[in-house]
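Good morning, everyone, and thank you for making time for this. I would like to walk slowly through a few places in one structure, so please have the picture in view while I talk.

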Amino acid sequence: MPVDSTATGLGETHAVTNVASELEDYNLYRCDTALVEAVAREGGGWGHEELSDFGAQIGQADYLQLGQLANRYPPELATHDRFGRRIDEVRYHPAYHRLMATAIQNGLHSAPWTHPRSGAHVVRGAKVFMHSQVEAGHGCPITMSFASIPSLRAQPELAALWEPKVLARDYGPRNVPAEQKRAVTVGMGMTEKQGGSDVRANSTVAQALGEAGGGQLYALTGHKWFLSAPMCDLFLVLAQTGAGVSCFLVPRWLPDGAKNALNVIRLKDKMGNKSNASSEVEFRGAQGWLVGEEGRGVATIIEMVSLTRFDCMGSSAGLMRAGLANVIHHCSQRAAFGARLIDQPLMKNVLADLGLEYEGGIAFAMRMARALDRREQDPHEANLLRLATAVGKYWNCKRAPAHSYEVMECIGGSGVMEDSIFPRLYREAVINPIWEGSGNVQCLDVLRAMSKSPAVVHSFLSECDQARGGHAALDAHLDRLSQTVQGLARLDPDQMQFGARALVEDMALAFQSALLVRHAPNGVSDAFCASRLNSRGQHNYGNLPQGTDVDGILERADPARHTAWPVQGDQAA
Ligand SMILES: Cc1cc2nc3c(=O)[nH]c(=O)nc-3n(C[C@H](O)[C@H](O)[C@H](O)COP(=O)(O)OP(=O)(O)OC[C@H]3O[C@@H](n4cnc5c(N)ncnc54)[C@H](O)[C@@H]3O)c2cc1C
């Protein structure tokens, strides 16, 4: 006779205790003190309510789940329909479409262009930053669409034609000609097999179909080794003309309803950023309009590239915030050896250190958002933007992988399980430093900007100098940095390049420390300066000095805490 295990209790092997709950149903804005303060300080305080509504919406349990789904069920390419007609269609999980729709409805691709006002980039940047905590892959076409606007404007008649559809708060994923849609998205094609960073090596060629020149139609022949989000309706693409590398606006469908000769060869099998399709494509005489002048392609597309770098900086800070919030939530609930993990002195050291990294990352990104907002009125801001965007893209992206890894270790074995957010954060963190200009390319860009314009160097150093007197280690660091910068003139180009990472890392730490000294509580800035200014990139988490205000740092980072406004630093826009 079968044993009734329920009745006897034999079916119960153990009680599930001492495990954490999912971090969900929380407000990604209000629970983030460092973010709320940065938004206020950098001129976006008018957006608190809007940001809070957005943070509450995307922190709902079912919304957070979209991030898991969109990555667990990655997009698939159908090159042909069942009758054999070429369609080049990428099919996504519905979760991806919901993420895209939310981003677009909330103006993550458009707000500073459609509603320009002081602080517009700060508020939009904060939304992008929060949404990247839910899911990062969909952010690629959102960022590219947002960033395409200044480049499109290099050809006013093309901008007049397409801008309203690029900026519309309407998501149109249908695979039909852009003429039939109210809204479109924009991708970017630069990287080829023989060279990505060095786009001058591009082999794709473009030939005028009639008259040559800006706004005219050309035929492109060649390939791109990477073209992300191939379901975008338009792409800004680099190709060679007789005058050199030039920039073209290539539609996926032609105005007459025919498919443009832009074939998707296959999708990349990536380690991360799974929800976002990245493809290899061939142009077989694909039609595209020249944007700007022939031979000025790099100058035309660089505006787009520098805005995508800004978003990379923010989204890497977002990955750090997502890891930090989740790990604090976990360690507040999980106990070992008789005490909660968050109360264990060594774990406190590690967690507070992760918190400091995030504080530096978000302060940097939001300061750059302010520079974007004010670049046209204030040369200091334009100079900062030119130099510090490359520094911040390098540094925030470089710090995020180690941060995500350390978060996994704090969680323990469950931290590497695919049904959690942690492996996804780690995989995203590894990609951000590579695309939109890899680490070395950023460092070389810093050298280029510094050698071209003493004014950008002056702006950078004078911004840092505003924190002088706030911390002895920072003062000493700034003295050293200033000497290094003066000494650059004595180095030959090889020596300069050889030492570029050390220089950029010193600059990044100076900038972050100065922001924290000026604006964060003393407990945060003291610990940041004491732990980082003498160790550069060698800093391993959990090495904060005795006496650090770990409780104060952790309280600021705790997702269970709600920040109210107005906060210190709130500025009228
Ligand atoms: C997920 C993903 C999506 C992408 N999507 C797109 C896209 O949509 N559109 C697009 O155009 N590209 C895209 N890319 C490509 C990406 O931008 C390139 O991979 C990147 O620019 C580097 O180019 P590369 O791969 O050819 O490497 P290389 O250019 O060969 O560089 C390799 C390494 O050498 C370093 N290096 C290069 N020059 C120097 C130098 N002078 N001194 C020292 N070091 C140097 C670089 O920093 C890098 O670390 C994507 C990449 C990824 C991973």
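Predicted model: local features only at pLDDT ≥ 70, side-chain atom pairs only at ≥ 80, totals over all residues.

You will find Ser 278 in strand β9, which covers residues 278–291. Which residues does Ser 278 touch, if we leave aside its neighbours within four places in sequence? The contacts of Ser 278 are Leu 227, Ser 228, Arg 266, Leu 267, Lys 268 and Lys 270. With one of these, Lys 270, the side chain of Ser 278 also makes a polar contact of 2.8 Å.

My second stop is Ala 369, which sits in helix α11, residues 345–374, and which is buried, with a relative accessible area of 0%. Once the neighbours within four places in sequence are set aside, Ala 369 is in contact with His 121, Val 122 and Phe 310. Ala 369 and Val 39 are 330 residues apart in sequence, and yet their C-alpha atoms are 9.4 Å apart in space.

Now to helix α16, which runs over residues 472–487 and has 16 residues. From its first C-alpha to its last, α16 reaches 23 Å, which is close to the 22 Å expected at 1.5 Å a residue. The buried residues of α16 are Ala 473, Leu 474, His 477, Leu 478, Leu 481, Val 485 and Gly 487.

Finally, the cysteines: how many disulfides does a search of the whole structure find? The search finds zero. Take Cys 247, which is buried with a relative accessible area of 0%, and whose sulfur is 14 Å from the closest cysteine sulfur, in Cys 232, so the two are too far apart for a bond. Cys 331 is likewise buried, also with a relative accessible area of 0%. The closest cysteine sulfur to that of Cys 331 belongs to Cys 410, at 5.5 Å, and this is too far for a bond, because a disulfide needs the two sulfur atoms within 2.5 Å.

How values were computed
Residues numbered from 1 in each chain as written. Heavy atoms only, no water. Helix = DSSP H or I, 4+ residues; strand = E, 2+ residues; numbered from the N terminus. Expected span 1.5 Å × (residues − 1). Buried < 20%, exposed > 50% of the residue type's maximum accessible area, 1.4 Å probe, protein only. Contact = heavy atoms within 4.5 Å. Polar contact = N/O pair within 3.5 Å; in protein donor to acceptor, adjacent residues only side chain to side chain.
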